[in-house]
Amino acid sequence: MSARHNRSRWFAMLAGIAVAIPLFMWAAADRQNDSGQITVPDPSEERRLKAAAVQSDAKATAELCTMECAQEFRRLAKGRPTSDEVRHLLAMHPHMLYIRMDVNGDRGKPQEFGSLPQGTEDKARQFLKEARRGATSSTPYVSEPFRRNGHRYIVIGVRSADGSLVSGVIRQDIVDEVAKHQKRNLRLVPYPAEGNYRIESAEPNTTRDVTVRTGEGNQNASHYHVHEVVVRFKQEPREQDLKQMMQAIDGKSARKLGYTHVFTSRTMEAEQLMNYFRDKWNPVYVEPHYLYLTNTSPAETGSSDISPIIPNDALYSQYQWNLPVIETEKGWRLSKGNEQVSVAVLDTGIQLDHPDLTGKLGEGLNIVSEAPPEDDVGHGTHVAGVIAASVNNNEGVAGMTWNNKVLPVKVLDSSGSGTTYSVAEGIIWATDHGAKVINMSLGNYASAEFLHDAVRYAYDHDVVLVAASGNDNTERPGYPAAYPEVFAVAATDSSGRKASFSNYGGYIDVAAPGATIPSTYPGNQYAALSGTSMACPHVAALAALIRSVNPSLRNEEVMQVIRDTATDLGEEGRDIYYGYGQIDVVRALQAAEENDLSLERYSSRLLNRISSLRSEFGITR
């Protein structure tokens, strides 16, 4: 607790301000006509496209899980592991429930580890028998999925060149988890559920009630705590004033962040609370406590002569379309990042011991509770992997940076939502703890002054703030992405078109891949997710690479480099769907290096040239 409350003086100045606004994860491509123009689908077509995106993510996640497990089984088949090594594998991969090893040349019973899940015995043994017949040294056996007691299972069998067989039962609940997560993330269902945590939906920047019955309803609604407001007073209230306020509002609790107070009433609703504080105390502002949700043409610079680096990560070549399309592989020739340039991920937390994030995480903070910033949703772990999953380690997926650290800042709870207060605190904490880039794959349609003050604080301290635009296919500005200090990101699909769910508008800076993106997931697993939430960390990672190759650039210069080097998409020049275009990693890093030459090295080179000329012409003064 002491670390949390030991903030800078500016942090103290902010806190007296806010009404509590829930923020959410911003966790399918629009059709284009023959001329290349985007046609925005009607609601029924949009639902169909989003449903197709969910199915695509679930299918890709199933394939990622199957491929990762098959590779682990292949290692077992080739390596003749000890019993302890197999048990360790099961402990590290809790979705692997049962392993059977039939070693060629060994007489006696096969070795068995783990156990068959209750209720699956008949079906599992049938498929295990088929695996013994069907698996070859070149082709693994994979059963059809089957369900028992609400869980999804498959059986895999892998045979080595010497005939040894490793087979086993895999629980694939991750497929159902991803489908459920993405229905919320892409707003196919109302999210969050009204009444949960005493949350209400409203027209943005008002408390006029809106009942959200469908996913499309989210694009015209903001969400706030029914019985809470955030207040910034002109003068710090005395203790007797606070007691008077609490008595007048039937107060349940009052929390203070610097000069800002969050008041919770047992009986009064937000509109009544705001009227009370405006009439009786004349504050700087009083606002609802909003929730924020997860969202999952410069000249050519000669990148054609740069050879790409192709990593050996197990899932990279087959599934990670997103990194080659933005020229990441060539960009790695210029910069693989620097561990001194950290990226704070404000999200649902991160699986702190995920094997593909080993050594990539720095100091973190859980603002939601006193526990470590562990991920209980999956969204934050996925975002972190896009940025920093270990590269070239023969495991899983590759992140965009090899060396940059990620700071896990848990500001969203197990429902995927968090308040203005928690997100603002996360921004300020990350700034005070050295983050050079902040990734915010979250948002709401209400603009909160308290949150904006925190954004300004980070911006004034030279932090690059990157935020997802949202997944409602609407032109309505989402926040924090639409704040002028924040770099706003839209999503594209593998064809370079606007993703069907991606929000758009004049505030969009650039676009990045956001459809069926493979990355790390809790439980030492991997999943494919779609959303502007997934596009956002591509841009945050690029900002970190730029700041690694040229630390002298200020935050606005970093953002301008990304804009100037983006590949123009859609209408010529900046447009409302792609901003300045899709990011190009190698061109951005080349521009950053050139900027470095002109800004940082020019003076010393000029002095050296003058000295050389003086010597050449015998000038001593």
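**Close-up views of the predicted model**

**View 1. W332 is buried, at 2% relative accessibility.** Buried means under 20% relative accessible area, exposed over 50%, and partly exposed in between (1.4 Å probe, protein chains only). This is a predicted model: local features need pLDDT of at least 70, side-chain atom pairs count only at pLDDT 80 or more, and totals for chains, interfaces and linings use all residues. Residues are numbered from 1 along each chain as its sequence is written, and side-chain values use heavy atoms, leaving out hydrogens and water. W402 is buried too, with a relative accessible area of 18%. The ring centres of W332 and W402 lie 5.5 Å apart and their planes meet at 85°, so this pair is edge-to-face. Aromatic rings of Phe, Tyr and Trp (its six-membered ring) pair if their centres lie within 6.5 Å; planes under 30 degrees apart are stacked, over 60 edge-to-face, and the rest tilted. W332 sits in the loop between α11 (328-331) and β15 (343-347). W402 sits in the loop between α12 (379-388) and β17 (406-410). The two are 70 residues apart, and their pairing links distant parts of the chain. Helices (H or I, at least four residues) and strands (E, at least two) are DSSP runs, numbered from the N terminus.

**View 2. K336 lies over the face of W402.** The distance to the ring centre is 4.2 Å. A charge sits over a ring if NZ of Lys or CZ of Arg is within 6 Å of the ring centre and within 35 degrees of the ring normal. R255 lies over the face of Y421, at 5.4 Å from the ring centre.

**View 3. F233, F263, Y276 and F277 make up one aromatic cluster.** Across the whole structure, a search finds 10 aromatic pairs.

**View 4. I99, V466, V539, I546 and I562 have the most contacts inside the largest nonpolar core.** This core has 86 residues. A nonpolar core is a set of buried Ala, Val, Leu, Ile, Met, Phe, Trp, Tyr and Cys residues joined through side-chain atoms within 4.5 Å. Helix α15 (residues 532-549) gives the largest share, 12 residues. Domain 1 (55-174) and domain 3 (315-613) each supply at least three residues; the bounds come from an automatic or database domain assignment. Leaving aside neighbours within four places in sequence, V539 is in contact (heavy atoms within 4.5 Å) with V466, F487, V489, V510, A512, I562 and I583. A second, separate core has 46 residues, among them I427, A435, A467 and Y483.

**View 5. Q182 and D57 make a polar contact through their side chains, at 2.9 Å.** A polar contact is a pair of N or O atoms within 3.5 Å; within protein, one must be able to donate a hydrogen and the other to accept it, and residues adjacent in sequence count only if both atoms are side-chain atoms. Q182 belongs to helix α6 (residues 173-185). It is buried, with a relative accessible area of 0%.

**View 6. The side chain of H261 makes a polar contact with the side chain of E236, at 3.5 Å.** H261 is part of strand β13 (residues 260-265). At 3% relative accessibility, H261 is buried.

**View 7. A cis peptide bond joins Y479 and P480.** Omega is about 15°. P480 is in the loop between β21 (464-468) and β22 (486-492).

**View 8. N282 has a positive phi, near 45°, and is not a glycine.** N282 is in the loop between α8 (270-281) and β14 (285-295). It is partly exposed, at 47% relative accessible area. D462, also not a glycine, has a positive phi near 70°. D462 is in the loop between α14 (449-460) and β21. D462 is buried, at 15% relative accessibility.
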